[in-house]
Amino acid sequence: MLQRLFQKYTGFLRSLKAVYVLNNLLNIRFLRRNRRLYQRYGIKKSILSPVGSADFQQHHTDIPWLDRPDACEQLERRPAFLAMPPAMQAKVRQFVTDGYFILEGFYSQAQTDALHAEVDRLLEAGRAGFNYTGRKIFNLQEQSRLADEQFFRHPHILKMLSFLLGKPVIPFQSLSFIQGSEQRAHSDSIHMTTEPPGYLIATWTALEDCLPDSGALFYYPGSHRLPYITSADYASGNTRFTIGENSNRQYEDKVEAVLREHPELEKKVFLAQRGDVLVWHANLVHGGGPITRPGATRRSFVCHYFAEEVICYHEMSQRPALIKKAAGT
Ligand SMILES: O=C(O)CCC(=O)C(=O)O
């Protein structure tokens, strides 16, 4: 209940690191794994403390296998890759080079319609609600077995994502959208990231056909190879005790500046068909286009997954991630 209230709240308390420390204390059971991980990665701080990229000046070298320079050669030697149908192999290769791929028509119309109806039902019953952005519903799977079992923890998706990251994945959070986010270009890593870097991956599922005027998702193929932007790379406004009020805007300005420096990165718009699933890399730059037809919907379900056995945290708000589930569960 408290958490629901805080999700809608946009005031001063949201900028205080102490509030997050208190929240960490209330949720300490979801942070205990960090004791072992902090020790392994040489982090000398309490598991309740704020944490951010400044704590990882020297990145651990154990980055995901598909982010390494020899990823393509390694792939051609993996039995699990060799056993895939050629069309799927091409998608995995595209993940290495472009940072994403699309599983066309992965879900049937009956499945997307069922989730669509579930979102409406839970909203109407007051068991789900939008957060302060007015666009995002967090963690529908906590109220919906359908969202949980058929989408968030779909066995085939979990297996595929674990293959891509080279470690078992932990389903972390979901976002449901009825309208497009209209969010400026960003990479998920500023919001959710890991040490070693790169152990986050996302799926974006279209629950209806997407039209150009309904705020289509866009992305920049190959942008996952850009250096990770951290709060040290822009004027975050963070202090020892607070998170900068305009951190997100400053971050998005920085991404725009980086994209201007890389004209070779071409923006692509995804006119998804209902049931399509886009899988994207932790550092792929993406966002939501403008909604130019008033009231247009663009229903989608987004899931974020961390890998097991890495430190998971929120760079922008300098918080450790609360991990509620074990790998593959
Ligand atoms: O669906 C969208 O418009 C964007 C979603 C997004 O950026 C995200 O979930 O990170």
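## Loop position, ligand shell and cavities

P294 is placed in the loop that runs between β9 (286-288) and β10 (300-307). The model is a predicted one. P294 has a relative accessible area of 80%, and because the threshold for an exposed residue is over 50%, P294 counts as exposed. Between the C-alpha atoms of P294 and E104 the separation is 28 Å, the two residues being 190 residues apart along the chain.

**Ligand surroundings**

The ligand has 14 residues around it, and those that come nearest are S181, H186, D188, W204 and R298. By class, the shell around the ligand consists of six nonpolar, six polar and two charged residues. Three strands, β3 (169-177), β9 and β10, each contribute at least two residues to this shell.

| Residue | Distance to a ligand oxygen atom |
|---|---|
| S181 | 2.6 Å |
| D188 | 3.0 Å |
| W204 | 3.0 Å |

On its own the ligand has 290 Å² of accessible area, of which the protein covers 97%.

How many cavities of 30 Å³ or more does the model contain? The count comes to two.

The largest cavity holds about 90 Å³ of space. Its lining is made up of 13 residues, with S187, P227, I229, N283 and V285 lying nearest the centre of the cavity. Nine of the lining residues of the largest cavity are nonpolar and four are polar, while no charged residue takes part.

The second largest cavity holds about 40 Å³. The residues lining the second largest cavity are Y107, F151, I157, T203, T205, V277, F301, C303 and Y305. In terms of class, seven of these residues are nonpolar, two are polar and none is charged. β5 (200-206) and β10 each provide at least two residues of the lining, and β10 accounts for the largest share, with three residues.

Conventions: Residues numbered from 1 in each chain as written. Predicted model: local features only at pLDDT ≥ 70, side-chain atom pairs only at ≥ 80, totals over all residues. Heavy atoms only, no water. Helix = DSSP H or I, 4+ residues; strand = E, 2+ residues; numbered from the N terminus. Buried < 20%, exposed > 50% of the residue type's maximum accessible area, 1.4 Å probe, protein only. Near = heavy atom within 4 Å. Polar contact = N/O pair within 3.5 Å; in protein donor to acceptor, adjacent residues only side chain to side chain. Areas by Shrake-Rupley, 256 points an atom, 1.4 Å probe, with all protein chains shown as cover. Nonpolar A, V, L, I, M, F, W, Y, C, P; charged D, E, K, R; others polar. 1 Å grid on protein atoms, 1.4 Å probe; cavity = no way out; pocket = protein on both sides within 12 Å on 5 of 7 lines; lining within 4 Å. Points joined across faces, edges and corners; volume = space filled by probe spheres on them.
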